[in-house]
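Work through the exercises below with the sequence and the 3D structure open. Each task is followed by a solution in steps.

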Amino acid sequence: MPFKRIVLLIGAFVVFILAALISWYEGGQLRDEPGEWRYTAVFSNWANEGFTNADNLWVLDHFVYAAKFEPLFPLVMAISFYFVLFQLTFWLLRGRRTVRNAILLLIASISFLTCYALFDSPTIGFQLFAFLFGMAGALSVFGMIAVKFGGVQ
């Protein structure tokens with residue numbers, strides 16, 4: 001892997017970590033919004049069988065809250081995650097087209113399913129995420145086509 005791509009990969013990873021920390025901080029507002037726990041604290045409600053209080057909120061619920069109501073840094077986090085994922089997939093599996101296509105198909109499938117699940121959301125944050133996941137699925141399919149016709153090594 002060329003030095004330029006390594007620097008981009010490390011930079012994207014650092015951006016991911018910083019965006020994750022900021023998203024976690026922004027999602028901490030969920031603790032002060034008990035009316036939102038029923039709709040946003042999805043993971044805590046599953047784990048605690050519907051009973052949720054500020055002490056048993058999961059960290060993942062903070063990210064859900066941030067994605068719904070403060071979507072900038074969660075979107076940056078997701079974009080940098082996809083960038084790292086695509087870079088590692090094309091770098092680590094550069095000589096194995098079948099395995100690379102299988103992974104890209106898995107990424108496309110998960111992305112399109114997530115896009116479908118979030119598509120009718122009433123919040124602008126989840127609508128933006130639906131668009132992002134749809135674009136990531138399309139890029140995965142494009143990556144498979146480019147690999148198939150030899151455009152990407």
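**Exercise 1.** How many nonpolar, polar and charged residues does the lining of the largest pocket have?

*Solution.* The model is predicted.
Step 1. Locate the pocket: Ala78, Thr114, Leu118, Phe129 and Phe133 lie nearest its centre, out of 23 lining residues.
Step 2. Identify the elements that give two or more residues to this lining: α3 (42-47), α4 (59-69), α5, α6 and α7 (124-148).
Step 3. Sort the lining by class: 21 residues are nonpolar, two are polar and none is charged.
Step 4. For the volume, the largest pocket holds about 710 Å³ of space.

**Exercise 2.** Determine how helix α5 (residues 72-92) and helix α6 (residues 97-118) are arranged.

*Solution.* Step 1. The two axes come within 10 Å and cross at roughly 160°.
Step 2. Angles over 145 degrees count as roughly antiparallel, and α5 and α6 are therefore roughly antiparallel to each other.
Step 3. The crossing of α5 past α6 is left-handed.
Step 4. On α5 the contact is made by Tyr82, Leu85, Phe86, Thr89 and Phe90, and on α6 by Arg100, Ile103, Leu104, Ile107 and Ser111.
Step 5. By class, this contact has seven nonpolar residues, two polar and one charged.

**Exercise 3.** Which element supplies the largest share of the lining of the second largest pocket?

*Solution.* Step 1. Find the pocket, which is lined by 23 residues, with Phe83, Phe86, Gln87, Phe90 and Leu139 nearest its centre.
Step 2. At least two lining residues come from each of α5 and α7.
Step 3. The largest share, nine residues, belongs to α7.
Step 4. The lining of the second largest pocket has 18 nonpolar, three polar and two charged residues, and the space in this pocket is about 560 Å³.

Terms used: Residues are numbered from 1 along each chain as its sequence is written. This is a predicted model: local features need pLDDT of at least 70, side-chain atom pairs count only at pLDDT 80 or more; totals for chains, interfaces and linings use all residues. Side-chain values use heavy atoms; hydrogens and water are left out. Axes are lines fitted to C-alpha atoms, for helices over the stretch in contact, and angles run from 0 to 180 degrees between N-to-C directions. Helices (H or I, at least four residues) and strands (E, at least two) are DSSP runs, numbered from the N terminus. Angles under 35 degrees count as roughly parallel, over 145 as roughly antiparallel, 65 to 115 as roughly perpendicular and the rest as oblique. A crossing is left-handed if the near helix is turned anticlockwise from the far one by less than a right angle, and right-handed if clockwise. Contact means heavy atoms within 4.5 Å. Ala, Val, Leu, Ile, Met, Phe, Trp, Tyr, Cys and Pro count as nonpolar, Asp, Glu, Lys and Arg as charged, and the others, Gly among them, as polar. On a 1 Å grid over the protein atoms alone, a cavity is a set of points where a 1.4 Å probe fits but cannot get out, and a pocket is an open set with protein on both sides within 12 Å along at least five of seven lines; lining residues have an atom within 4 Å of a point. Grid points are joined across faces, edges and corners, and a volume is the space filled by probe spheres set on the points.
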